[in-house]
Amino acid sequence: MCDTLYVSARRSATGTPLFAKNSDRERDEAQAVVSLPGATHTAGAQVRCTHIVIPQVSRTRAVLLSKPWWTWGAEMGANDAGVVIGNEALFTRRVNAEPALLGMDLVRLALERADDAASAVEVITTLLERHGQGGACAVHRSFHYDNSYLVADAREAWILETCGRHWAVRRAGEVDAISNAPGIGTDATAVSPGAFDAFRAAGWLAADAPGDFAAAVTD
């Protein structure tokens, strides 16, 4: 399993937040730790992610990433504003092999563009709705998945789960974790517009059932 863990400053023996992730990638897939400086970009610039090209922002933050050698994005990382993000493969009812953003691309994009944990969540959800997620998630075999994220800064943490272009987010508890299965049920702080209507139309959620993200999307 792949797991990301969070402990708040109040619950940590050190008095500082703790964040950790293990990454269960493929055999013989080297994962590099890379440091990238902040940069400014000209108007109209684009950024080539793993499978697609999207518009670049005017300024990107310095980041420290742990990334599979073949991806543009990263499994985990931190930026110079103190934002940290870990990514998990999330196995849902939806499989999309069409090239789009990988969850790992969204980790890096959020770290490069966000000032705090809340804005990192906004970066991911905005780009997800605009560009979608999909494409090969492995280099040695056919493998596709949706994604979840644990996003934290010095003050707070959020858990974000996705299914296609839909998403649900909740504030993380003082001790919290994510793995490879959806876990946000009826306790979501926010859900993407139209998500439950789409799930009911697909037959994933009964018409009279409460809005339970995990119950609807879990494979």
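Reader: Which residue in β14 stands opposite Y6?

Author: Y6 stands opposite D176 in β14, where strands are DSSP runs (E, at least two residues) numbered from the N terminus. Strand β1, residues 3-7, runs antiparallel to β14 and is joined to β14 by four bridges; two strands pair if DSSP finds at least two bridges between them. This is a predicted model, in which local features need pLDDT of at least 70, side-chain atom pairs count only at pLDDT 80 or more, and totals for chains, interfaces and linings use all residues. Residues are numbered from 1 along each chain as its sequence is written, and side-chain values use heavy atoms, with hydrogens and water left out.

Reader: And what is the order of the strands in that open sheet?

Author: The order is β2-β1-β14, an open sheet of three strands with antiparallel pairing. Its edge strands are β2 (18-22) and β14 (175-178), each of which pairs on one side only.

Reader: Switching to S192, is that buried or exposed?

Author: S192 counts as buried because its relative accessibility is 4%, and buried means under 20% relative accessible area, exposed over 50% and partly exposed in between (1.4 Å probe, protein chains only). S192 lies in the loop between β15 (190-191) and α3 (195-201).

Reader: What does S192 touch?

Author: Not counting residues up to four places away in sequence, S192 touches E129, H166 and W167, with contact meaning heavy atoms within 4.5 Å. The C-alpha atoms of S192 and E129 are separated by 8.7 Å, although these residues are 63 apart along the chain.

Reader: How many residues of β8 are buried?

Author: Five of the six residues in β8 (63-68) are buried.
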